[in-house]
Amino acid sequence: MNSAVVVFPGINRERDMARALRLASGCEPAMVWHADTALPGGTDLVVVPGGFSYGDYLRCGAIAARAPIMDAVRAHAGRGGLVLGVCNGFQILCEAGLLPGVLMRNTAMKFICRDVYLRIERSDTPFTRGYNAGQVIRVPVAHGEGNYIADDATIARLEGEGRVLFRYADPGGALDPAWNVNGATNAIAGVLNEGGNVLGLMPHPENHVEAVLGPTDGRGLFAGLVDHFKQAA
Amino acid sequence: MKARVTVTLKSGILDPQGKAIEGALKSLGIAGVASVRQGKVFDIEIEGRDRKAAQAALEQAADKLLANSLIENYQVELK
């Protein structure tokens, strides 16, 4: 799996992401600068990592979404190429119009940095094939703006088309407002685009991939992606 | 030419920052505050004197970057 990690000024999770990709795939990801206009040839997966691009000025992800490299990311997605956005990367993909909706300020008005439990809604996608539907995973979040909203028609469409892949849940997988840390609509933690090839999620699976740091529940996402490309080859 | 673009949240969009400010105003004892919504103001200098072109450029700026049309409205004022 050849992956490319897009780096914007103010991004700070790109090394964690690159490490998780390398551990899962055995391939060194390309680090692509925001001012570049092309992705490396043969890129299978583009990852927009977390952080605080442009200091979250204007709106989270708004300025990064208009960076030169984003035309190449859009073209990659348009060809059906896989794109993964995590945390600020999710915000950037929404601002770029690659995913519907917006990530608003957490309803509790606080930056939240803790582990959460996510229920995997489907396992038949390239991003979640490493998990079972209904499985609960523990991964960290670290964000101030993760409260996913969209208009009612969009939410109905996302739900109807099975495009919600991750929801905040309790450790047993039940939906409970107390475990929906940021107040997201329908406890949505991660959504797919219409084509099923662009995923955005607020939590950080890349930070739970090594036993030395605790849980390894994030591995399934990366292992699933590697399997997806192996099978496609 | 001086211009101002004002960006406000659409009605129905939850505004936790506005709510927090509203709470703070109430705790200051400022009378009669019913509700607060927070927005953004951009003061922009436009080159030249063509008002029609300036209006078009400002609307483009608001559509493309200053406002997110999913959650925000904007208003352009040329002075």
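One term before we start: helices and strands here are DSSP runs, a helix having at least four residues and a strand at least two, and they are numbered from the N terminus. Keep in mind that this is a predicted model.

Ala187(A) is not a glycine, yet its phi is positive, about 60 degrees. Is Ala187(A) buried or exposed? Its relative accessible area is 8%, so it is buried.

Next is Cys87(A). This residue also is not a glycine, and it too has a positive phi of about 60 degrees. Cys87(A) belongs to the loop between β4 (82-86) and α3 (88-95) of chain A. With a relative accessibility of 5%, Cys87(A) counts as buried.

Now the sulfurs. A disulfide is a covalent bond between the sulfur atoms of two cysteines. The cut-off used here is 2.5 Å between the two sulfur atoms. How many disulfides does that rule give over all chains? The count is 0.

Take Cys60(A) as a case. Its closest cysteine sulfur is in Cys87(A), 8.8 Å away, and that is too far for a bond. Cys60(A) is buried, at 12% relative accessible area. Cys113(A) is in no disulfide either; for Cys113(A) the nearest cysteine sulfur is again that of Cys87(A), at 9.8 Å. Cys113(A), however, is exposed, because its relative accessible area is 62%.

That is what I have for today.

Conventions
Residues are numbered from 1 along each chain as its sequence is written. Chains are lettered from A and ligands numbered from 1 in the order in which they are written. This is a predicted model: local features need pLDDT of at least 70, side-chain atom pairs count only at pLDDT 80 or more; totals for chains, interfaces and linings use all residues. Side-chain values use heavy atoms; hydrogens and water are left out. Buried means under 20% relative accessible area, exposed over 50%, partly exposed in between (1.4 Å probe, protein chains only).
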